[in-house]
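This briefing goes through one structure by topic. Please look over the sequence and the model before reading on.

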Amino acid sequence: MFIQTESTPNPATLKFLPGQTVLEVGTADFPSAEAATKSPLAARIFAVSGVTGVFFGNDFVTVTKDDAVEWDHIKPAILGAVMEHYQSGQPVMADDAQAASGHAEHTGEDVEVVDQIKELLDSRVRPAVAQDGGDITFHGFDRGVVYLHMQGACAGCPSSTLTLKMGIENLLRHYIPEVTEVRPVAV
């Protein structure tokens, strides 16, 4: 098994590509070791000292480290954990755990606008941020303000505010006149 790694715009996050499917559908975010109990793979990665977050996409695993730890010191252990997991035959997610489909549900008078927002996020934004090892999902819409949840490499990334304001906000405002602003939310 050959696992590739890619840097991300977030210096505290590295993208690992195991060369096979990680999640069939959706994403899974593990912001702490406690959250990783739903995934044997995430639990193995959190066993490496210095790991502070794990995120799964379709074909990648994004790992976030503590600033006090250098990648050179923990990258080999993370590679080993990923390889051990795939050789063990265990599932990526526990039987009762499910990956998140992404967007929050929205009901009310703005449902058509929200559907347009979700469509643009799915077609234009999410594929681009997945390339960087993260995900951005719809969280809410209220009086022209779109609330988005940033995960994986996007969470805590130094350039995430710029991406949100200059990229996503401009895109949504261009196509959907009802959108006036985009704001991040922490879930």
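Helices (H or I, at least four residues) and strands (E, at least two) are DSSP runs, numbered from the N terminus. The model is predicted: local features need pLDDT of at least 70, side-chain atom pairs count only at pLDDT 80 or more, and totals for chains, interfaces and linings use all residues. Residues are numbered from 1 along each chain as its sequence is written, and side-chain values use heavy atoms, with hydrogens and water left out.

**Helix 2**

- Helix 2 covers residues 71-88, 18 residues in all, and reaches 25 Å from its first C-alpha to its last, close to the 26 Å expected at 1.5 Å a residue (the expected span is 1.5 Å times one less than the number of residues).
- Its buried residues are Trp71, Ile74, Ile78, Ala81, Val82, His85 and Tyr86; buried means under 20% relative accessible area, exposed over 50%, and partly exposed in between (1.4 Å probe, protein chains only).
- Seen down the axis of helix 2, these buried residues fall within an arc of 125°, so they line one face of the helix; the arc is that of the directions from the helix axis to the C-beta atoms.
- Asp72, His73, Pro76 and Gln87 are exposed on the other side of helix 2.

**Nonpolar cores**

- The largest nonpolar core has 27 residues, and those with the most contacts inside it are Phe30, Ile45, Val54, Phe56, Val61 and Ile78. A nonpolar core is a set of buried Ala, Val, Leu, Ile, Met, Phe, Trp, Tyr and Cys residues joined through side-chain atoms within 4.5 Å.
- At least two residues of this core come from each of strand 2, strand 3 (28-30), helix 1, strand 4, strand 5 and helix 2.
- Helix 2 supplies the largest share of this core, six residues.
- A second, separate core of 21 residues includes Leu120, Ile136, Leu148 and Ile168.
- Valine 61 touches Leu14, Lys15, Phe16, Val22, Leu41, Ile45, Val54, Phe55 and Phe56, not counting residues up to four places away in sequence.
- In soluble globular proteins, nonpolar side chains tend to be buried together.

**Second largest pocket**

- The second largest pocket has a volume of about 210 Å³, a volume being the space filled by probe spheres set on grid points that are joined across faces, edges and corners.
- On a 1 Å grid over the protein atoms alone, a pocket is an open set of points where a 1.4 Å probe fits, with protein on both sides within 12 Å along at least five of seven lines, and lining residues have an atom within 4 Å of a point.
- Of the 17 residues that line the second largest pocket, Gly26, Thr27, Arg126, Ala130 and Asp135 are the closest to its centre.
- Helix 3 (111-131) and strand 6 (134-142) each supply at least two residues of this lining, and helix 3 gives the most, with four.
- Threonine 27 is in the loop between strand 2 and strand 3 and counts as buried, at 9% relative accessibility.

- Arginine 143 is in the loop between strand 6 and strand 7 (145-152), and has a positive phi of about 50° although it is not a glycine.
- Most residues other than glycine have a negative phi.
- Arginine 143 is exposed, with a relative accessible area of 73%.
- Serine 39 is in the loop between strand 3 and helix 1 and is buried at 1% relative accessibility.
- Serine 39 touches Phe30, Phe56, Val92, Met93 and Ala94, not counting residues up to four places away in sequence.
- Glycine 156 lies in the loop between strand 7 and helix 4 and is exposed at 67% relative accessibility.
- Serine 160 is in helix 4 (residues 160-175) and counts as buried at 12% relative accessibility.
- Serine 160 touches Met150 and Cys154, not counting residues up to four places away in sequence.
- Serine 160 and proline 9 are 151 residues apart in sequence and 8.9 Å apart in space, C-alpha to C-alpha.

Definitions and conventions
Contact = heavy atoms within 4.5 Å.
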